[in-house]
Structures are given as C-alpha cells and as structure tokens.
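Student: I am new to this structure and would like a close look at a single part of it. Please take one part and follow it through in a connected way.

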Amino acid sequence: MEQDPHVVKQFIMYTNDAVEATFSDGNKIYLAPCVTEYVVQQNSQTHGILTTKHRTIYTTSQLLPRIRTVLTFRNLYAQQPFLVPTLVDSNECYVCLFCF
C-alpha cells in the first residue's frame with residue numbers, strides 16, 4: 001500500500017515563526033518567518049536533492065496542498081497568522097473586532 005505523499009511526518013516551528021515540514025515522500029518545505037517565501041527540497045533519483053525557492057502567493061497547483069497544510073499548522077501557533085484567502089481556508093480568515 002502506497003502512502004499519500006501529502007502526509008506530513010514532522011513539523012518543526014522555530015521561535016521566529018519559521019516552519020520546517022517533512023513529508024512522507026522525503027520532501028521538505030521550509031517556510032520563512034514572514035511567510036512571503038518558502039524553499040522546497042525534493043528528492044530525485046536522477047538529480048539528487050533539488051532545492052528551489054518560491055514566493056508564497058505564487059504557489060503552483062502541484063505544491064498548493066502541501067503549502068496549505070504547512071500554513072494551517074503555522075497559523076495555529078504563530079504570533080501573527082498569514083491570512084491570504086487563496087491559500088488559507090475561508091473559515092480561518094476572520095477579524096476579531098473586539099480585540100482592539
């Protein structure tokens with residue numbers, strides 16, 4: 001039975017709100033503290049480890065489920081959540097009017 005490659009094996013959240021996620025297929029995503037960019041490390045049989053850097057708002061459809069998973073985890077524990085309607089579930093985007 002094959003595992004779903006989008007399943008996260010490990011989350012690490014640093015004190016600066018950066019997140020590192022390792023997926024069941026061995027790929028890793030490092031989300032910057034400001035969340036505007038992330039680095040993907042992909043394991044490739046022919047090329048070894050491929051490292052690419054991306055802007056979060058321009059996430060490709062191939063990486064979108066993984067980025068959403070990492071953002072959901074980050075937003076649970078970060079001091080300042082990253083709420084972009086195209087990347088985060090609309091139920092998580094709200095404003096507390098009584099907090100001011």
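Tutor: Lys53 is found in strand β5, which covers residues 48-55. The model is predicted. Lys53 has a relative accessible area of 57%, above the 50% cut-off, and therefore counts as exposed. Apart from neighbours within four places in sequence, Lys53 contacts Glu37, Tyr38 and Val39. With Glu37 there is a polar contact between the two side chains, at 3.5 Å. Tyr38 is 15 residues away from Lys53 along the chain, yet their C-alpha atoms are separated by 5.8 Å.

Tyr38 leads on to the nonpolar core. The largest such core has 18 residues, and Tyr38, Leu31 and Leu71 are the members that touch the most others. Two or more residues of this core come from each of β2, β3, β4 and α1. Helix α1 gives the largest share, five residues. In soluble globular proteins, nonpolar side chains tend to be buried together.

Leaving out residues up to four places away in sequence, Leu31 touches Ala18, Val19, Glu37, Tyr38, Thr56, Val70, Leu71 and Arg74. Glu37 and Tyr38 are also contacts of Lys53.

Helix α1 comes last. Among its buried residues are Val70, Leu71 and Arg74. The buried residues of α1 pack against β1 (8-13), β2 (19-23), β3 (28-31) and β4 (37-44). The helix runs over residues 64-77, and at 1.5 Å a residue its 14 residues should span 20 Å; the end C-alpha atoms are 20 Å apart, which agrees.

Terms used:
Residues are numbered from 1 along each chain as its sequence is written. This is a predicted model: local features need pLDDT of at least 70, side-chain atom pairs count only at pLDDT 80 or more; totals for chains, interfaces and linings use all residues. Side-chain values use heavy atoms; hydrogens and water are left out. Helices (H or I, at least four residues) and strands (E, at least two) are DSSP runs, numbered from the N terminus. The expected span of a helix is 1.5 Å times one less than its number of residues. Buried means under 20% relative accessible area, exposed over 50%, partly exposed in between (1.4 Å probe, protein chains only). Contact means heavy atoms within 4.5 Å. A polar contact is a pair of N or O atoms within 3.5 Å; within protein, one must be able to donate a hydrogen and the other to accept it, and residues adjacent in sequence count only if both atoms are side-chain atoms. A nonpolar core is a set of buried Ala, Val, Leu, Ile, Met, Phe, Trp, Tyr and Cys residues joined through side-chain atoms within 4.5 Å.
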